Amino acid sequence: MGRFTFFCILPLFLFFPIIVQHDGAAMSLPLSTNLRWIVDEKGQRVKLACLNWVSHLEPVVAEGLSKQPMDNIAKQIVSMGFNCVRFTWPLFLATNDSLASLTVRQSFQRLGLLESIAGVQENNPSITDISLIKAFQAVVSSLGENNVMVILDNHISKPGWCCSDFDGSGFFGDPNFNPDLWITGLTRMATLFNGVTNVVGMSLRNELRGPKQNINDWYRYMQKGAEAVHSANPDVLVILSGLSYDTDLSFIQNQPANLTFSGKLVFEVHWYGFTDGDAWIAGNPNQVCGRIAGHMMRRSGFLLDQGYPLFVSEFGVDQRGTNVNDNRYLNCFLGVAAELDLDWALWTVVGSYYLRQGVIGLNEYYGILDWNWMEMRNSSFLEKISALQSPFRGPGLSETKLHKVIFHPSTGLCVLWKSLVEPLRLGPCADSGAWSYTPEKTLLVQGVNFCLQADEPGRLAKLGIVCSDSNSKWELIADSKMHLSSKLKNGTSICLDVDSNTVVINSCKCLNEDNKCDPGSQWFKLVDSTRGRSGEIFPAF
């Protein structure tokens with residue numbers, strides 16, 4: 001604990017001007033909670049579709065400002081369909097006056113990052129000679145000017161890459177994690193951004209971990225931190241992470257957090273492919289998806305049924321598309337995220353870092369932008385997640401009565417129909433008509449009662465009007481529960497499949513054991529929705 005004695009704990013932020021409040025009318029801010037949903041001031045569902053933007057590494061400057069003007073980055077975020085940023089910060093930015101008062105130029109100079117200074121001078125000259133804390137405020141302000149919501153995430157204590165069990169910042173009482181200092185830092189940041197409309201939430205601490213972690217101290221300090229943030233800034237959502245790198249909130253099932261306030265509490269969880277090592281390559285994807293998704297539901301997903309919003313504040317994949325482990329995980333994750341209609345934050349907008357783990361200009365292959373922060377690294381990935389950027393359902397979202405859409409995770413598209421005679425195809429979920437899944441396991445087109453029918457393997461899936469035969473009954477099979485399977489009149493089991501965005505019938509594949517086979521083309525989710533179509537399509541008889 002002694003290493004904290006050199007900090008000067010003065011009310012530093014009192015000397016910094018508060019950012020000018022932006023008009024949040026378009027977003028009806030602030031946000032609050034209604035059971036498992038995040039809602040706006042009017043009570044309507046707001047789905048968080050966020051990007052993580054890193055500002056917790058050694059320079060303590062938002063990454064990318066040497067590559068592009070911050071306003072350009074904010075506009076890129078909006079143009080890609082995201083509505084918020086999870087903006088990371090190190091605790092010492094809020095508690096170490098000497099660090100917070102360094103200018104951006106001085107921070108880069110002390111690390112020998114002269115090229116970064118030149119880049120910031122070119123792209124964001126207004127922040128070059130202001131303090132780190134003011135530069136942090138300037139990014140939040142720029143995001144606000146572009147109607148991007150911000151969640152402030154206390155990512156780590158000492159600036160640097162996160163995380164490991166023994167980095168000194170994992171849990172309360174670690175060398176760099178003094179709980180009292182942490183509460184002081186949270187209070188200061190909450191106070192600083194009180195009245196800044198686009199700051200809609202504060203994530204109290206990223207990825208609690210390490211040998212000291214325990215449930216008793218979690219309740220003791222996370223509840224104190226939550227109360228401190230809410231007292232200093234009653235408008236923001238208070239977001240609590242769990243244990244074991246933010247993968248475990250199972251203890252909440254038996255002992256809810258005891259807080260004096262209501263309508264602001266959100267829980268967060270992280271889920272990556274590498275969370276489970278090489279399981280997605282080593283095992284059969286159906287079995288791995290079923291096991292890991294079930295594990296996630298037991299450790300965090302149950303919170304939705306208990307009436308709490310669950311925010312997947314980090315997920316992501318290698319954007320190059322060559323990591324098989326990531327690719328298989330992503331199809332499973334997107335299926336679960338669609339079915340549960342989760343709020344989420346993708347890791348990351350960052351295309352490259354000033355300095356990460358001793359490497360200058362490190363390329364971030366999980367970044368949605370390229371090394372120069374100019375172009376998307378993989379435009380097909382954005383297409384894949386675009387359906388999940390809008391809510392399927394929730395308070396105030398009642399454009400149509402409750403129905404199903406048939407979501408295809410590996411493309412991010414949904415099954416569309418036009419008539420009895422035209423082939424079923426994949427297309428934007430916003431154009432999907434309404435399906436019903438009956439107790440008899442029939443998939444009906446609502447309003448006209450056409451049903452999905454199977455045919456011989458290799459042929460097109462079709463709609464029919466006689467819906468009592470076995471080839472009109474569909475079950476979700478395999479451990480993943482993502483294969484839509486039917487039986488032909490001769491007893492042959494088949495599965496719905498996709499070939500060049502056309503919906504076809506094929507033999508079921510990869511159901512178990514085989515770890516070389518990829519079932520992605522045959523994975524579907526029946527997703528509850530009250531979202532209407534972007535353009536009404538009338539049936540052709």
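**The disulfides up close**

Guide: At 10% relative accessibility, C162 counts as buried. The setting is a predicted model. C162 is joined by a disulfide to C163. The S to S distance of C162 and C163 is 1.3 Å. C163 is partly exposed, at a relative accessible area of 23%. The cut-off matters here: buried means under 20% relative accessible area, and partly exposed begins above that. The torsion about the S-S bond of C162 and C163 is about 65 degrees, so this disulfide is right-handed.

A search of the whole structure finds 7 disulfides. In general terms, a disulfide is a covalent bond between the sulfur atoms of two cysteines.

Take C414 and C429 next. A disulfide joins C414 to C429, with S to S at 2.0 Å. The link of C414 and C429 is right-handed, with 85 degrees about the S-S bond. The pair connects distant parts of the chain, 15 residues apart. C414 sits in strand β14, residues 413–416. C429 sits in the loop between β15 (425–427) and β16 (435–437). C414 is buried, with a relative accessible area of 0%. C429 also counts as buried, at 7% relative accessibility.

Now C495 and C508. A disulfide joins C495 to C508, and the S to S distance is 2.1 Å. The S-S bond of C495 and C508 has 95 degrees about it, and the link is right-handed. C495 lies in strand β22 (residues 493–499), while C508 lies in the loop between β23 (502–506) and β24 (525–529), so the pair ties together parts that are 13 residues apart in sequence. C495 counts as buried, at 0% relative accessibility. C508 counts as partly exposed, at 23%.

One more site deserves a stop: S390. S390 is placed in the loop between α12 (379–385) and β13 (403–408). S390 is partly exposed, with a relative accessible area of 34%. Setting aside neighbours within four places in sequence, S390 is in contact with K47, D341 and R531. K47 is 343 residues from S390 along the chain. Yet the C-alpha atoms of S390 and K47 are separated by 6.5 Å.

Step back to the whole chain. Its secondary structure comes to 12 helices and 24 strands. The radius of gyration is 24 Å, close to the 24 Å that the globule rule gives for 541 residues, so the chain is as compact as a globular protein of that length. The C-alpha trace spans about 80 × 50 × 45 Å along its principal axes.

Burial comes next. Of the 541 residues in the chain, 61% are buried. Contacts can be read by sequence separation. Among contacts in the chain with a separation of 6 or more, 73% come from residues 24 or more positions apart. The contact of S390 with K47 belongs to such a picture: the two are 343 residues apart along the chain.

The surface and the charges complete the view. The accessible surface of the chain comes to about 20300 Å². Carbon and sulfur atoms hold 51% of that surface. The chain has 44 positive and 52 negative side chains. The centres of the two sets lie 3 Å apart.

Note on methods: Residues numbered from 1 in each chain as written. Predicted model: local features only at pLDDT ≥ 70, side-chain atom pairs only at ≥ 80, totals over all residues. Heavy atoms only, no water. Helix = DSSP H or I, 4+ residues; strand = E, 2+ residues; numbered from the N terminus. Rg over C-alpha atoms; globule rule 2.2 N^0.38 Å. Buried < 20%, exposed > 50% of the residue type's maximum accessible area, 1.4 Å probe, protein only. Contact = heavy atoms within 4.5 Å. Areas by Shrake-Rupley, 256 points an atom, 1.4 Å probe, with all protein chains shown as cover. Lys, Arg positive; Asp, Glu negative; His and termini not counted. Charge placed at Lys NZ, Arg CZ, Asp CG, Glu CD. Disulfide = S-S within 2.5 Å.
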